[in-house]
Structures are given as structure tokens and as C-alpha cells.
Amino acid sequence: LQVTDALGRVGVAAVDVAVAVPPGGGYLKADPAGGEAMKTPFRVEATEWIGADPGVLPLVYRFTAEVRAARPGGWSGAVLLAEGTRRVLEGAFLPEGNVTVQVVVVDRRGVESPPTSARGGVIIVAASDAAVAGGGDAATAALAQGAMTAAANGDIGGAMQYLAGATAAAASSTAAHAAANRGSGGGAAAAAGGGTPASVRVALLAAVEQVTSLVGIGAAPVLRAAAAAVAAATAGGDG
């Protein structure tokens, strides 16, 4: 800023402004290109990401999965797979659906890169063999237990992965029960979700509560989806 008064005297002031530059230069890989829900281990790697200068290190990698239902009654939503300084995620499990894996890289000042999707595009994750064979309720209960175990161990990423899998399995199972009830002449309440065993609903609800206590409801959209799955499964379910 330069100011000149009536006598021609000049005053000058300057302020240095630092422009935050997000991490960049990298890309994301995810392998394999397809697999079975909550059974195939996926490897996700963020490669060649750099910060603006050494002072912004270490970088934190937030891996997420955007899930789009592949069949009627399926679940769509977002899943936090992991967040931390490790740029490689080994053994990640994905729920059924068409999945886009992404990473956001954050420097120590909190400056974030734009979301970057994995090269190769959408990952096709098929329903598990158990779900295809009609064991959706058992799969839901088992995955809910996995979510609780991971939460008890403080594993946020694992808890979220298992809870997302349980939510997807519950959504598909509820749809299957509704279709069966419609075919057998069940009423509107039964068509909404009847037939889901009470033990499965209890297991999923317990998983929601335990994972919520670990990460907080506001941090995880999948928690709200899981709670909705419980409500859907409860409608018209058996006692």
C-alpha cells in the first residue's frame, strides 16, 4: 500500500501473504479391479504425493470408497477405509456394489488436495457367495460382529469397512425378505422388511452403537445408513 499526502510525502506498507498450496503430483492405485464383497482383500496405494515444502510434512492420507448399488434394494453410500500417514492400505474390504476408491491428501497445516479417484475406474464388487445363496441375514450378523470387534480394538477403518458391509448385506437381505413376503401375499408392513430375524437387527444395532462411540455420528455417513438399515429391517420383522 502506498499513500501520498498533500505535501508529497509518501508512505509505504506491505504485508507478506502465504498462499496455501495443497499436496499434489500424485495418483492412486487400487487392485484388483473386482472381487467379492467383504471377502476379497484390496490393496490401495497413494503414490508420488508431495507437499509444498518440508515444513508441511508429514502428509495424511484419507482413503474412502463411494459405493453405488448394483442391484435393486442394494446400498449406496460413502465409507471411510482408513486415515493416517501410511500411503498404502493393505487388505481393505469393500461392500457389494460399484465402488470408486478415492484419496484426499492433507498436509500438517490442514490443507487438503482435491479428491483423487483410483486409476482404472470403478471396481465391481459382487455379492458374497453367502448372500447369493440366501444367507444375507447370517452375513449381516457376522459383519456386524466384525465391526464391533474392530471398534473394540480402536480400528476405525476396519470398523467402518465391516459396518458398511453389514449395512449393504442388511439392505439386500431386507429387499429379499420384502420380495418373498410380497410373493407369499404378505401385507404392506411385511413387504417393508418383514422376515429379518430379531437377532440380526440387534447385532446390527449394537454395531452401530459401538462404532458411533468410537468415531462419533457426525464423522461417518455410513453410521446413519446403518441406522436406517436397522429401521428398515425392523419394520414388520419378527419379534
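There are 10 salt bridges in this structure, which is a predicted model. Two aromatic pairs also turn up across the whole structure, and the largest nonpolar core takes in 50 residues. Here's a quick tour, starting with the charges.

**Salt bridges**

- Side chains of opposite charge can pair when their charged atoms come close.
- Lys29, Arg43, Glu45, Arg87 and Glu90 are tied together in a salt-bridge network.
- Within that group, Arg43 and Glu45 pair up with their closest N and O atoms 2.7 Å apart. Glu45 sits at 11% relative accessibility, so it counts as buried, while Arg43, at 33%, is partly exposed.
- Glu112 bridges to Arg62, with 3.3 Å between the closest N and O atoms. That pair joins distant parts of the chain: Glu112 is in the loop between S9 and S10, Arg62 is in strand S6 (residues 60-68), and they are 50 residues apart.
- Both partners count as partly exposed, Glu112 at 40% relative accessibility and Arg62 at 22%.
- Asp5 and Arg9 meet through their side chains at 2.8 Å, N to O. Asp5 is partly exposed at 32% relative accessibility, whereas Arg9 reaches 53% and counts as exposed.

**The nonpolar core and Phe63**

- Phe63, Leu94 and Val101 touch the most other members of the largest core. Helix H3 (residues 156-183) is the top contributor to this core, giving nine residues.
- Setting aside neighbours within four places in sequence, Phe63 has contacts that include Leu28, Val44, Ala46, Leu89 and Val103. Arg87, a member of the salt-bridge network, is also in contact with Phe63.

**Aromatic pairs**

- Of the two aromatic pairs, one is stacked: Tyr61 and Phe63, 6.4 Å centre to centre with 15 degrees between the planes. Tyr61 and Phe63 are both buried.
- Phe93 and Tyr162 make a tilted pair, because their planes lie at 55 degrees, with the ring centres 6.1 Å apart.
- Tyr162 is partly exposed, at 26% relative accessibility.

**Two loops to look at**

- Val15, Val17 and Val19 make a nonpolar surface patch, with about 360 Å² of accessible area together. Val17 belongs to the loop between strand S2 (10-12) and strand S3 (27-31), and its 68% relative accessibility makes it exposed.
- Ser113 is in the loop between S9 and strand S10 (116-117), yet at 4% relative accessibility Ser113 is buried. Beyond its neighbours within four places in sequence, Ser113 is in contact with Pro22, Pro23, Trp49, Val104 and Val105.

Methods
Residues are numbered from 1 along each chain as its sequence is written. This is a predicted model: local features need pLDDT of at least 70, side-chain atom pairs count only at pLDDT 80 or more; totals for chains, interfaces and linings use all residues. Side-chain values use heavy atoms; hydrogens and water are left out. Patches are made of residues with over 30% relative accessible area and no salt bridge: like charges are joined within 9 Å, nonpolar side chains (Val, Leu, Ile, Met, Phe, Trp, Tyr) within 5 Å. Accessible areas come from the Shrake-Rupley method with a 1.4 Å probe; for residues, only the protein chains shown count as cover. A salt bridge is a side-chain nitrogen of Lys or Arg within 4 Å of a carboxyl oxygen of Asp or Glu. Helices (H or I, at least four residues) and strands (E, at least two) are DSSP runs, numbered from the N terminus. Buried means under 20% relative accessible area, exposed over 50%, partly exposed in between (1.4 Å probe, protein chains only). A nonpolar core is a set of buried Ala, Val, Leu, Ile, Met, Phe, Trp, Tyr and Cys residues joined through side-chain atoms within 4.5 Å. Contact means heavy atoms within 4.5 Å. Rings of Phe, Tyr and Trp (its six-membered ring) pair if their centres lie within 6.5 Å; planes under 30 degrees apart count as stacked, over 60 as edge-to-face and the rest as tilted.
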